[in-house]
Amino acid sequence: MNQEKVNELTQWVKAKKIDVAYVTNPNSIAYLSGFTSDPHERVMALFFSPNQDPFLFTPALEADTARQSNWPYDVVGYLDTQNPWQVIAEEITTRYGKPQQLAIEKSAFTLDRFEQLASYFPTTDFSNDLTTVIQQMQLRKTTAEIETLIEAGNWADVAFEVGFAAIKEGVTEAEIAAEIDYQLKRQGVSHMSFDTTVLVGAHAASPHGAPNQTTVKANELVLFDLGVIWKGYCSDATRTVAYKEPTAFQEKIYKIVLEAQLAAQAAVKPGITASELDKIARDIITDYGYGDAFNHRLGHGIGTSIHEFPSLVAGNDLVIEEGMCFSIEPGIYLPDQVGVRIEDCVYVTKDGCEALTKTPKELCIID
């Protein structure tokens, strides 16, 4: 459990005179409670009040596991035969009374679920939003969090080693991705942070492409985008390598992306803004004539979930501060030709930043 953050949220509840705060995003629940679970279609929640202990609400089949975690407060389980909203309403009323102000994570609450909850509290004010509160709590990582993110980054480096070793003539993208996942599981990594991406040749021009039966051929680039979940924290990194000697054009595109990535990463320091970092990388790619082919933001926050606040994108004037963690991942995507992306996640130090992954970024040629 993250006691510091639990205390911080409790203090916010007190300051805002909120009767109950309802945390519903599984990633937010894991961040605060230390209990990680995917409830699928079932309801899982974490409740806070200003003057009483919080409690965790889970499906019955998860309740014992939650109690065995390091969450020190109550765990309430519900059966599939029960109406979870009725159980929640009874628990809230019994513990905290009828709430006048009930804060929710609006970005994570579906309209259907909100309507079911609100039906039990028809006079309650739900206007207070926990989304930005939790985003701000997650924004600056503690020393312990950064240490865990570094460990997760080390595992991403291991995954790159496995992936590079699996490249050979005729092997499919899907086979390489499967080998990475298999070898990481063998070594104790239970979950990747997202579906491992391996894209070959022109297929890599799809920024969010999925591995398929496309095969590796000589003189093509291979893009890897991968990460793991380690002790509840994620890694995320991208490398693009060449199988056999790359063409002059492939090498040109690679060098442009590398220049942009290195320049933006070198510029990270407290005081610069998110939009300024995006502009540094984007201007380099644009000056070479490929601005339209860099069609996504420069980066995103990372922590207990793979995409956290903030976005490094034009128009976001958030000032970068020590302890923030985010990705730097420019790319160039030319349909039917080539796709290149290079990504490191970094943590901000007092005068710069450090990468969480260490796999070299100079173009690697695999024979």
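Colleague: How many disulfides does a search of the whole structure find?

Modeller: This is a predicted model, in which local features need pLDDT of at least 70, side-chain atom pairs count only at pLDDT 80 or more, and totals for chains, interfaces and linings use all residues. Residues are numbered from 1 along each chain as its sequence is written, and side-chain values use heavy atoms, with hydrogens and water left out. A disulfide here is a pair of cysteine sulfur atoms within 2.5 Å. By that rule, the number found across the whole structure is zero.

Colleague: Is Arg 341 buried or exposed?

Modeller: Arg 341 sits in strand E16 (residues 338–341); strands are DSSP runs of at least two residues, helices (H or I) of at least four, both numbered from the N terminus. Buried means under 20% relative accessible area, exposed over 50%, and partly exposed in between, with a 1.4 Å probe and protein chains only. Arg 341 has 2% relative accessibility, so it counts as buried.

Colleague: Happy with that! Which helix joins E3 and E4 in a β-α-β unit?

Modeller: Strands E3 (residues 55–59) and E4 (residues 74–78) run parallel, joined by five bridges, and Phe 57 stands opposite Val 76 in E4. The unit is right-handed: with the strands pointing away from the viewer, the path from the first strand over the helix to the second runs clockwise. The helix in this unit, covering residues 60–68, is H3.

Methods: Two strands pair if DSSP finds at least two bridges between them.
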